[in-house]
Amino acid sequence: MKKVRVVLKCLACCALLVCASFPTVACGGHVAPAVHVSTWAELKSAGSDCRIVLDADIDADGETTKRIGAVSIDGNGHTISNAIVEDISMFEASEVKNLTLDGITLIANPRMQDEFCFGMVANRAVSTSGGGFRETLYKLAIENVHVKNSEMKITLSNYSNNHYYEGRYHIGVIAGTMNHYQKHVGATLGEAYIRGCSADNVKVDVTASKNSVKFSVRAGGIVGTANGEVSDCVVKNSSITVAAGYFMNTPYIGGLMGVAGGSTNLKYSVAHDNTITGNATWWQSGIAGLYSTSEQCIGGAIGSCSEGAIITSSCAENNVIVSNCSGSNYIGGFAGTTYGALTQCYAADNKITIGGRKKEDKSSCQVDFGGFCGYAGDSPIMSCFAVNNEFYRHVDYYDNDGDQIKELSEGGFAGASNAKARFAYCASYSPTVGLFVTFEYKNDAFCPTKLEDKLITNCYVDSEASGNANGCEVMTLDDWTTPAVVKSNLRLTDVKWKLEEGETPYFDFG
């Protein structure tokens, strides 16, 4: 017995020496060792309870894998390339930093449930523990992570033709979703941020099957649904396409995020030179006149912005935004719909196209689209502008009797607004508003909705030629390119504004 005790003591000492030879990090009540990896095989076998650190670039050579588990991933400035991931994300980790993914293909064909998340890099991490209350920690910390030359292919379907699920599907290049709030009594507040991340030449293709019903897709170049901080992020040269395939499919699509939740803080981020497309044109004749979607929200930066979200110093530039829909459309150069607070943001040089209806469609749905936002809800919007955005309508719109509908609203700044939206020091310069028109519709150089005087303060339009129902002041092209005038009129205070003689204002994010 004495010999056994001696052996056990020796083994315990050896274990302590081995653990002591690795840096450690506290996680979930235990200490996780840091494991250094240099090859694809080492990366996959490191262990889900470890903190992985890359010591070299890793080439997967086209190998297919499932999610790689870890407490955290530190890329240490290295790149993982040429992997095929058949799962909802590449990593199952709550912290990822200092990493580049190049040439990654993520393929997912999930059966629909109440909620599903897909991220090229990672997803929401949940940690639970017992006690008097269930403690839930929603944590996702991603910093300095870049995805390029990659693709996400996601097909959504029901369990069976006769079993439908109402749910939300969050899809983002960096993360599917992030949460920064207390969900349960006694919960620990989770840390959630995505900082200094980018997507470059990434294709996101989401298709809902013929049998899918009653769900929303939230798709974005950074994150599908945000509740937390997203800062200093860039999405460029990429494409996001969502095809809704059946009854009540609702796409929310944005260059940066599909939905900005009520705890979102977005700042210093830009989406430029992307193609953002929503295809929700399923229609079935009959007594009910079924349509593919109740609404479709698309924006150059944000699909839909919730009440409580704070959006500052961000922009959408030179994007192609396409909405093909047999339901209601809310399309904007920066955001589809806004209910949060937006300050010092702009949409510039975006091309917005509305199409997809057919004469036999039995619909009189609303279509609101604007240079900055499609629809402004209970939202304070200050020091924001839309400049040089172009609008195109490729099909005529008809009601049940084959007559052209009148519920199309186009604004240089906002397509429409409710009675609680507030605009201050905002402006639009939109030469194409009111052009390319072959049928009657509501249009205005700022917003077709007649706003009360107290809801609009010191706002500007390029001219009164295309309508000015809200009595905005006029800012000429010369004013737009004169730094002192534009800074004064729009109260541009952020230090990152670039104001040059002869140029419209833009952000210099470095």
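In strand 23, M257 is the bridge partner of V223. Strand 18 (residues 223–226) and strand 23 (residues 257–260) run parallel and are joined by three bridges; strands are DSSP runs of E with at least two residues, numbered from the N terminus, and two strands pair if DSSP finds at least two bridges between them. The model is predicted, so local features need pLDDT of at least 70 and side-chain atom pairs count only at pLDDT 80 or more, whereas totals for chains, interfaces and linings use all residues. Residues are numbered from 1 along each chain as its sequence is written, and side-chain values use heavy atoms, with hydrogens and water left out.

- Seven strands, in the order 14-18-23-30-35-40-45, form an open sheet with parallel pairing.
- Strand 14 (175–177) and strand 45 stand at the edges with a single partner strand each, so one side of each is left without a neighbour in the sheet.
- From one strand to the next, the twist averages 10° (axes are lines fitted to C-alpha atoms, and angles run from 0 to 180 degrees between N-to-C directions).

**Aromatic pairs and cluster**

- Rings of Phe, Tyr and Trp (its six-membered ring) pair if their centres lie within 6.5 Å, with planes under 30 degrees apart counted as stacked, over 60 as edge-to-face and the rest as tilted; the count by this rule comes to 17 aromatic pairs.
- F413 and F423 form an edge-to-face pair, at 5.9 Å centre to centre and 90° between the planes.
- F413 lies in the loop between strand 44 (408–411) and strand 45 (414–417), and F423 in strand 46 (residues 422–424), so this pair ties together parts that are ten residues apart in sequence.
- F413 is buried at 0% relative accessibility, and F423 is buried at 1% (buried means under 20% relative accessible area, exposed over 50%, partly exposed in between, with a 1.4 Å probe and protein chains only).
- One aromatic cluster is formed by Y268, Y346, F385, Y429, W480, W497, F507 and F509.

**Charges over rings**

- The charged end of K496 sits over the ring of Y268, 5.2 Å from its centre (the rule requires NZ of Lys or CZ of Arg within 6 Å of the ring centre and within 35 degrees of the ring normal).
- R195 lies over the face of Y193, at 3.6 Å from the ring centre.

- D74 lies in strand 6 (residues 72–85) and is buried, with a relative accessible area of 11%.
- Beyond its neighbours within four places in sequence, D74 is in contact (heavy atoms within 4.5 Å) with R51, I52, V53, L54, K97 and N98.
- The side chains of D74 and N98 make a polar contact at 3.3 Å (a pair of N or O atoms within 3.5 Å; within protein, one must be able to donate a hydrogen and the other to accept it, and residues adjacent in sequence count only if both atoms are side-chain atoms).

How values were computed:
Helices (H or I, at least four residues) and strands (E, at least two) are DSSP runs, numbered from the N terminus.
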